[in-house]
Amino acid sequence: MDQQGPLGRAVAVEVRRLAQQLLDSEMREEELGTLLERAEAIRRELGIYTAAAVQDARHRGEKWESVARAAHVAPETARARWGPERVARMMDLHANEKRAAPARWRGPGPGRIADVAEGAGSDPGVDGVSPVNQLASALTHLQAASGLTIREVADSTMLSPSFISRVLSGDRLPTWDLVCALAVLFRSDPAELRVLFEAAHGMTAPGRQPVAAAIAQLYAAVRGLYLAARSPTPERIERLSAQAVSALTVRRVLAGVDVPEWEVLAALVCALGGNPEDLKPLWEAVHYTFLMCDDPRLPEGTAHIAVPGQRR
């Protein structure tokens, strides 16, 4: 069996991704429970791969005797393990387990935002990080901070541990309901994940809205990127932005005190590994609403908005 057909190849790609996730978890020194759950996901996927590879070989015309020799089992055992009806059931169960859309975006690099943010000498504005991985990185950070294991999350959401693992790794796109459920479980605000979720699903920015709501959504989007970057310190963000954003400005933005000029906000977004164009419509909505309203006074306690060309 020197070649694998399309089905086996697709599952082999999944095995490789799961193996990379396990390696990432080892490098992050995650808890034993998480490591064993990732290993279990690989073991289960390898079983699916074996069935898929045998089915591909049978479709190419190989006899059961040849399959048995390759698998080092008797022909009767090969038929019992990988007969067409049994394999079909396995594939159906495998498909049903994936209760979210597959992550379709694949950039030129496998890294996550957090890897970019933490990596020495890396370009924080690199385009190889997908919106799917941004959302997954934020959820993973929240899960780690919550102290909950993947199995505990699965039990609370009534989903399988392998499915939760795939959502957290970015291999599956969760629904908004699931994102909200996970955020609440992790004691976080679902609003902070909204823009990441919409970018992952390719949704467009919302229309004009009241200025307070526009500001809240912009802040939530920035905090979502901050979570996806694993909450780097303001000083580190200043360094990653090549001093385009001061640590003080980072603190004020994250605290909901300032809406800076676009160049500053764009530099902050890049330092967090995000795409400035994803947040620009939100920033423009804030300024459009603020500048066009009849009474430009903001509600008490609302953030200071930096108007282009204005000096504080």
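**Helix packing and aromatic pairs**

Helix α15 (residues 262–271) is largely enclosed by the rest of the structure, because seven of its ten residues are buried (under 20% relative accessible area with a 1.4 Å probe, protein chains only; over 50% is exposed and in between is partly exposed). The buried residues of α15 are W262, L265, A266, A267, L268, V269 and A271. Helices are DSSP runs of H or I, at least four residues, numbered from the N terminus. The model is predicted, so local features need pLDDT of at least 70 and side-chain atom pairs count only at pLDDT 80 or more, while totals for chains, interfaces and linings use all residues. Residues are numbered from 1 along each chain as its sequence is written, and side-chain values use heavy atoms, leaving out hydrogens and water.

Two aromatic pairs were counted, taking rings of Phe, Tyr and Trp (its six-membered ring) with centres within 6.5 Å; planes under 30 degrees apart are stacked, over 60 edge-to-face and the rest tilted. W176 and F197 form a tilted pair, 5.2 Å centre to centre with 55 degrees between the planes. This pair links distant parts of the chain, with W176 in helix α10 (residues 176–185) and F197 in helix α11 (residues 194–200), 21 residues apart. F197 is buried, at a relative accessible area of 4%.

The rings of W262 and W283 are also tilted, with centres 5.7 Å apart and planes at 50 degrees. Here W262 of α15 is linked to W283 of helix α16 (residues 276–292), 21 residues apart in the chain. Both W262 and W283 are buried.

Methods. Helices (H or I, at least four residues) and strands (E, at least two) are DSSP runs, numbered from the N terminus.
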